[in-house]
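Q: Please take a close look at one part of this structure. Walk me through it piece by piece.

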Amino acid sequence: MSRLLIKNGRVIDPSQKLDRITNLLIEDGRIVGLDVPGDSGAECIDATGKIVSPGLIDMHVHLREPGREEDETIATGTASALAGGFTSIACIPNTEPPIDTQGTVEFIHHQAARADNCNVYVVACVSKNREGKELAELGQLVKAGAVAFSDDGAPVFDAELMRRAFEYCLMFDKPILNHCEVRELTRGAVMHEGTVSMVLGLAGMPSAAEDVMTSRDIALAAATGGRIHIMHVSTSGSVDLIRRAKTRGVRVTTEVCPHHFTLTDECLRSFDSNYKMSPPLRSQQDVDACIAGLQDGTIDVICTDHAPHALEKKMRELDQAPFGIVGLETCLPLVVTQLIQPGILDWPTAIEKLTINPARILGIPKGTLQVGADADVTIIDPDVEWTLDPQKMRSLSKNTPFGGWKLRGAADTVIVGGRVKFKRAV
Amino acid sequence: MSTTPDSIGKFPPNWTRRHLLDLESLSAEEIQLVLDYASRFKEATGGCRTKLSVLAGKTVANLFFENSTRTRTSFSLAARRLGGDTVDFSSSGSSLSKGETFIDTARTIQAMGIDLVVVRHPTPGTPTLLAQNLEVSVINGGDGAHEHPTQGLLDILSIRERRGTIAGLTVAMVGDIAHSRTARSNIWGLKKLGAHVILCGPSTLVSKDWEQFGVEVAYSLDDILPRCDVLNLLRIQFERQYTRPFPSVREYALLYAMNRERLSRAKDDILIMAPGPINRGVEVTPDVADGPHSVILEQVTNGLAIRMAALWLCLGANAKAATESQR
């Protein structure tokens, strides 16, 4: 019998509205109880001055395997997740081949088990081969363990297919995660359409390209009773649409990435491809809207959209370089630096968006420290100050715009299933 | 560097730029300085016809990732008129087709011992990235729809030669503003020197957002025509767009082509410019393009003058920086 006692930490568990300094006991991979005495004979971790949180969950990660192992593998991606404080991640199916069969789902699970880092949940394709033409075998995929469906990277552009997907998923109560972008409006575009793109002569993606599809998906979810999760919301218009849909009772949830509440399109003046992502960095007004959405609960989840790309791909001309940045190892510190330190969010609200909210959307038994739950725990050092050196990241790819940033807060100790899987080097 | 003739004078101490990437970041003084030196080089070479030797021993590489005859020839001739050597590297489209990044391509050429790279590329920002990754000087020879600084400078020089000054003039850029690097370089350069700039074209190709930079936006050429001292007629860049920005070329020509009838309603001394290549009959009719108001061919000569000055100034600043770093 293995026992682990986490002593004197500030235990924050939004799933039980818990926030107090106490001890947490883990036994045989499960949470046994709070408030146990400090001399219970177990192995001890002193968490004085630290925050003890349910293991963080990132519901939007591109692991690249199978098919693009030069960018990331399941082993390196999950190691990166641990270093960022995540005990569970959901991987997105835009791999090669895409995750649209039972066999591919099982392959992911096997590779994750071999890597033995963090838990990996699979988001499978909505459509066969991510082509947006016909539904993938969603029932078989659920049977294999898929927790949600998405053609991310490619929006589900056919409204009829989207409607069918919503209806069909009612049988399994699984959400559809959509990347909202009307592609006719973003052809050849590399950044947000606005004054900066005009001055730089770069083709822009108008906010309307996101808002039009957000609006469509909300209407379809409302009409079918299906569950829509709007991925990586980035515009004030979409935040507004989602806010209003929630008051009407539409089953809509959404997520935001740290770069969308931290950076604006002004960054593109450097022409650095590490500022190129989709959806793009938008205006300050959009950043403010994302922050307001985080504060009033419109935005349920903070996710990374971790999108590793090998250096040689990102070194190309801005229009040739792929979209996306890595995010697993910068998410928590950006939440602390950009949201908690300035008083935008308090710790319980931030942790809620990184634990129980994504767990509920995906329907996974995670994100809680309730007695009997899997012992996935992230001990956070809220005060440590450090400077990001991309070369020290565990991810195989180093494409981050935050290199050299002075950050605050980091994962100190990460426990998965009762075992310490990561300990921050001092 | 070889001795500079007296007519050019000493290297200006207030010029410190190793690269010429855009006009947005140049000061009015820097722009005037390039124009002044261009005029001196033009005079010292008998109108850009005879040779000097101020760039003897220097090699300029033309790194062109986009088709161009005019700009490349102009840079080559400018370098040779100053006694420099040139080498051309052209690759249609991106270096991607060969599996090499453009930075690798540029580094390869740098390793051959060149001193300055003129780069043209369909993607905005490419010259900036090269300047960050190379030791040698970089001059932007046009990057997508971003900037074409030597074109902006030569347009402004052509106006200054005819009018003596830029301040107070009303200059209209007409046509495809959205896709024009020439327009952007002219906007920054002309504004800094005190001109009133009007952007005129179909509403699909002229953004109202330009107004926040103190620029006038107009859709009707006929409305603004009587006020203009200069018209710069831009080519419609069909190759850079996915859908047609107006219903037909015929309709565009009806609204925006500079023809004899429109000329009769303009100021008597209006200057007609075009960065070329021109679509005769679309932006401008042949009689106007070849008529007395046209400065289109002077622009070409001034292109040589501006490029001589730009090459000399950037190479000089680079040499100065190298000497200082050795101290």
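**A parallel sheet in chain B**

A: Strand 3 (residues 116–121) of chain B runs parallel to strand 4 of chain B, and five bridges join the two. This is a predicted model: local features need pLDDT of at least 70, side-chain atom pairs count only at pLDDT 80 or more, and totals for chains, interfaces and linings use all residues. Residues are numbered from 1 along each chain as its sequence is written, while chains are lettered from A and ligands numbered from 1 in the order in which they are written.

Helices (H or I, at least four residues) and strands (E, at least two) are DSSP runs, numbered from the N terminus.

Now widen the view. The open sheet has four strands in chain B, in the order 2-1-3-4, with parallel pairing (at least two DSSP bridges). Strand 2 (85–90) and strand 4 (137–143) of chain B are the edges: each pairs on one side only. From one strand to the next, the twist averages 15°. Helix 4 of chain B packs on the sheet and touches strands 3 and 4 of chain B. Its direction makes about 165° with that of strand 4 of chain B. Such angles run from 0 to 180 degrees between N-to-C directions, with axes fitted to C-alpha atoms, for helices over the stretch in contact.

Next, Val117(B). Beyond four places in sequence, its contacts (C-beta atoms, placed from the backbone, within 7 Å) include Ala61(B), Leu130(B) and Val138(B).

Last, the other chain. The contact takes 21 residues from chain B and 15 residues from chain A. Helix 4 of chain B gives three residues, the largest share of the side of chain B that touches chain A.

Methods: Contact = placed C-beta atoms within 7 Å.
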